Amino acid sequence: MNEDSQQPRHARPVRRSGLGRTVVRGIGQTLITLGLVVLLFVVYQVWVTDEINRGRQSELTQDLRQRWESAAEDPLDRPDGGPARLPLGEGFAFIRIPRFGLDYVRVILEGTDEDKLTEGPGHYPDSALPGEVGNFAMAGHRVGRGSPFLNLDQLDPDDAIIIETSDTWYVYRMLGASTAGGIPGRRIVEPEAVEVVDPVPGRSGEEPTRSLLTLTTCHPKFSAAQRLIIHAELDGAPLAKDDYPDGPPALTGG
Amino acid sequence: MYTWIWRHLPGGLPGKITGSLVLLLAVSALLLFVVFPWLEPMLPLSDVTVR
């Protein structure tokens with residue numbers, strides 16, 4: 001109904017054609033579109049991967065509980081005392097951190113490749129196993145994919161980090177600023193600092209005498225420039241799950 | 001591009017609005033569930049291991 005010939009007073013701007021105009025409009029629209037795509041990527045990183053991970057973690061939890069109940073062979077059991085080979089990508093234990101709430105439970109998988117870390121915290125395959133003398137080391141995501149290690153920076157010395165295996169609770173406690181042996185509870189290192197997962201952190205080749213636990217994640221949040229490292233040490237003897245079916249005292253603040 | 005799509009969507013104003021929303025959702029889903037999962041491992045945003 002717009003009769004261009006009569007030039008109505010409130011006419012729409014005339015659509016002018018021209019190469020320059022088309023090119024500029026194209027660039028503008030492309031830039032706006034790219035901006036929106038980047039925003040959507042942030043939504044993906046921070047929320048969508050969390051949702052996907054939640055589903056995967058509950059599957060892994062069911063799997064692991066079922067395997068434990070069916071009395072199938074636990075790969076952590078080594079009657080011969082030889083070195084364990086856990087199947088890569090399989091869950092083998094739970095980690096609980098009471099500081100993050102009683103509902104904080106994650107399945108730990110074997111291996112630190114990205115496809116494992118997408119599903120949960122991953123155990124460095126060459127590091128010790130739960131409770132062993134040496135360094136039981138894990139990596140986990142800080143933001144997204146369940147964000148298992150989002151708040152590691154809020155842990156205080158002495159905070160409990162509890163590992164649950166098929167029949168045992170292991171209670172580790174975060175080390176202080178500088179304890180005997182020179183291993184701090186928390187430190188920030190460069191990504192190449194592989195010595196933090198050595199049997200004696202920071203001292204390659206030294207024979208371990210303590211049972212340590214190490215968590216690695218990225219630092220600062222939303223970046224991978226550095227690594228946040230938490231060191232903890234086994235606190236007391238392992239507790240049999242038969243004696244503590246509802247968890248060790250440390251779980252509820254003991 | 002957006003002008004072109006808008007002009008080619010059928011169904012008058014309601015149809016155009018519905019069509020735009022469907023397109024928007026389809027593109028978002030494609031990005032979230034196909035493109036981003038494929039792209040992400042190649043970005044240095046999420047390294048959490050020491051190596």
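Author: A term comes before the first question: the expected span of a helix is 1.5 Å times one less than its number of residues. Helices (H or I, at least four residues) and strands (E, at least two) are DSSP runs, numbered from the N terminus. This is a predicted model, in which local features need pLDDT of at least 70, side-chain atom pairs count only at pLDDT 80 or more, and totals for chains, interfaces and linings use all residues. Residues are numbered from 1 along each chain as its sequence is written, while chains are lettered from A and ligands numbered from 1 in the order in which they are written.

Reader: How do you know that the span of helix H2 of chain B agrees with its number of residues?

Author: Helix H2 covers residues 12-39 of chain B, and at 1.5 Å a residue these 28 residues should span 40 Å. The end C-alpha atoms are 38 Å apart, which agrees.

Reader: What is the kink in H2(B), and where is it centred?

Author: The bend at a residue is the angle between axes fitted to the seven residues ending there and the seven starting there. In H2(B) there is a kink of about 40°, centred on B:Leu31.

Reader: Why is H2(B) said to lie largely in the open?

Author: A residue is buried if 20 or more other C-beta atoms lie within 10 Å of its own, exposed if 12 or fewer, and partly exposed in between, with C-beta atoms placed from the backbone. Of the 28 residues of H2(B), the number buried is 0, so the helix lies largely in the open.

Reader: What makes B:Ile5 exposed?

Author: B:Ile5 has 12 other C-beta atoms within 10 Å, and is therefore exposed. The residue belongs to helix H1 (residues 2-8) of chain B. From B:Ile5 to B:Val22 there are 17 residues in sequence and 12 Å in space, C-alpha to C-alpha.

Reader: Why is chain B called more spread out than a compact globule?

Author: Chain B has 2 helices and 0 strands. The radius of gyration is taken over C-alpha atoms, and the globule rule is 2.2 Å times the number of residues to the power 0.38. For 51 residues the rule gives 10 Å; chain B has 18 Å, well over that value, so it is more spread out than a compact globule. Its C-alpha atoms fill a box of roughly 60 × 15 × 10 Å along the principal axes, and buried residues make up 10% of the chain.

Reader: What confidence does the predictor give to chain B?

Author: On the pLDDT scale, the predictor's confidence in each residue from 0 to 100, chain B has a mean of 88, and 100% of its residues reach 70 or more. The model scores ipTM 0.86 and pTM 0.83.

Reader: How many residues of chain A are in contact with chain B?

Author: Two residues are in contact if their C-beta atoms, placed from the backbone, lie within 7 Å. By this test, 24 residues of chain A are in contact with 15 residues of chain B. Helix H1 (19-69), helix H2 (114-117) and strand S8 (211-219) of chain A each give two or more residues to that side. The largest share, 6 residues, comes from H1(A).

Reader: How do you know that the span of H1(A) agrees with its number of residues?

Author: The 51 residues of H1(A) should span 75 Å at 1.5 Å a residue, and the end C-alpha atoms are 71 Å apart, which agrees. H1(A) has a kink of about 45°, centred on A:Tyr44. A:Tyr44 is also one of the buried residues of this helix, including A:Gln45 and A:Leu60. The buried residues of H1(A) pack against strand S1 (91-96) and strand S2 (105-110) of chain A together with H2 of chain B.

Reader: Why does A:Arg145 count as buried?

Author: A:Arg145 has 25 C-beta neighbours inside 10 Å, so it counts as buried. A:Arg145 is found in the loop between strand S4 (134-139) and strand S5 (160-164) of chain A, and its phi is near 50°, a positive value in a residue other than glycine.

Reader: What makes A:Ser147 partly exposed?

Author: A:Ser147 has 17 C-beta neighbours inside 10 Å and therefore counts as partly exposed. A:Ser147 lies in the loop between S4 and S5 of chain A, with a positive phi of about 40°.
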